[in-house]
Amino acid sequence: MDPRIFGLDPQTLFDTCITLVAMLALFILLSYLLFNPARKLIQKRKDFIQGQLDEAAAAKKDALAMKEDYDARLKKVEDESAALLAEARQKAKERAGEIVSEAGDEAHRIVARAEKEVALEKDKVRDEMKQEMVQVASLMAGKFVSESISEETQAKLIDDTLKEMGDETWQN
C-alpha cells in the first residue's frame with residue numbers, strides 16, 4: 001500500500017484539474033445563459049421601481065404646486081367676493097340715499113302742490129263770497145231802490161259799492 005495520506009497521485013490531480021476547468025467553463029456558460037438574464041431582469045425591475053418612485057415624487061410635487069395654486073386662487077376669489085360685497089353695500093347705501101332724497105323731493109312737491117291747491121281753493125272761495133255779497137247787495141239795493149232804477153244804474157251802484165269796500169274786505 002502506498003504510504004500516501006490522501007492518495008494523491010498525478011492522475012487524481014489531473015482529474016481534479018480537469019473537473020475544476022470543466023466546472024469553471026460550466027459556471028461561465030451558466031452565468032452567461034442564466035445569471036446575466038436574471039441580472040438584467042433584476043436591473044429592469046430596479047429601473048422600473050425607480051421610475052415609479054420618480055413619477056410619484058413628480059406627481060406629489062405637481063399636486064403640491066396645484067394645491068398652492070388652488071389656495072392662491074381661492075384666496076383671490078375670497079378677496080374678490082369681499083370687494084364685490086363691499087361695492088354692493090356701497091351702491092346700496094348710495095341708492096338708499098338717492099331714494100331718501102327722491103322721497104324728500106316728492107314730499108316737497110306734494111306739499112307745494114297742496115299749498116297751490118289751498119291757494120286756488122281760497123281764491124275760489126273768495127270769488128264765491130264776492131258773488132254772494134254781490135247777490136246780497138243786489139237784493140238789499142232792490143229793497144231800498146224802487147223799480148224805476150234801470151239795470152245799468154243798478155250795475156253802476158253795485159260797482160261803486162264794491163269799489164268803496166275794496167278788495168281787502170273780501171280777501172279777509
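Here are some friendly notes on this predicted model, point by point.

1. Ground rules. Residues are numbered from 1 along each chain as its sequence is written.

2. Overall build. The chain has 2 helices and 0 strands; these are DSSP runs numbered from the N terminus, with at least four residues (H or I) for a helix and at least two (E) for a strand. Of the 172 residues, 2% are buried, where buried means under 20% relative accessible area, exposed over 50%, and partly exposed in between (1.4 Å probe, protein chains only). The accessible surface is about 15,600 Å², and carbon and sulfur atoms account for 63% of it. Such areas come from the Shrake-Rupley method with a 1.4 Å probe, and for residues only the protein chains shown count as cover.

3. A buried serine. Ser31 sits in helix α1, which spans residues 10-144. Its relative accessible area is 13%, so Ser31 counts as buried. Leaving aside residues up to four places away in sequence, Ser31 touches Asn36 and Arg39 (contact means heavy atoms within 4.5 Å).

4. An aromatic pair. The whole structure holds 1 aromatic pair. Its partners are Phe27 and Phe35, tilted, at 5.9 Å centre to centre with 55° between the planes. For this term, rings of Phe, Tyr and Trp (its six-membered ring) need centres within 6.5 Å; planes under 30 degrees apart are stacked, over 60 edge-to-face, and the rest tilted. Phe35 is partly exposed, at 37% relative accessible area.

5. Salt bridges. There are 8 in the whole structure, each a side-chain nitrogen of Lys or Arg within 4 Å of a carboxyl oxygen of Asp or Glu. One of them joins Asp69 to Arg73, with the closest N and O atoms 3.4 Å apart. Both residues lie in helix α1, 4 residues apart, about one turn of the helix. Asp69 is partly exposed at 38%, whereas Arg73 is exposed at 55%. Asp79 and Lys75 form another bridge, at 3.6 Å between the closest N and O atoms.

6. Arg95 and Glu102 meet in a salt bridge of 3.8 Å, N to O. Bridges with shared partners link Arg95, Glu98 and Glu102 into one network.

7. A pair separated in sequence. Ala137 and Thr161 are 24 residues apart along the chain, and their C-alpha atoms are separated by 8.7 Å. Ala137 belongs to helix α1.

Notes: Predicted model: local features only at pLDDT ≥ 70, side-chain atom pairs only at ≥ 80, totals over all residues. Heavy atoms only, no water.
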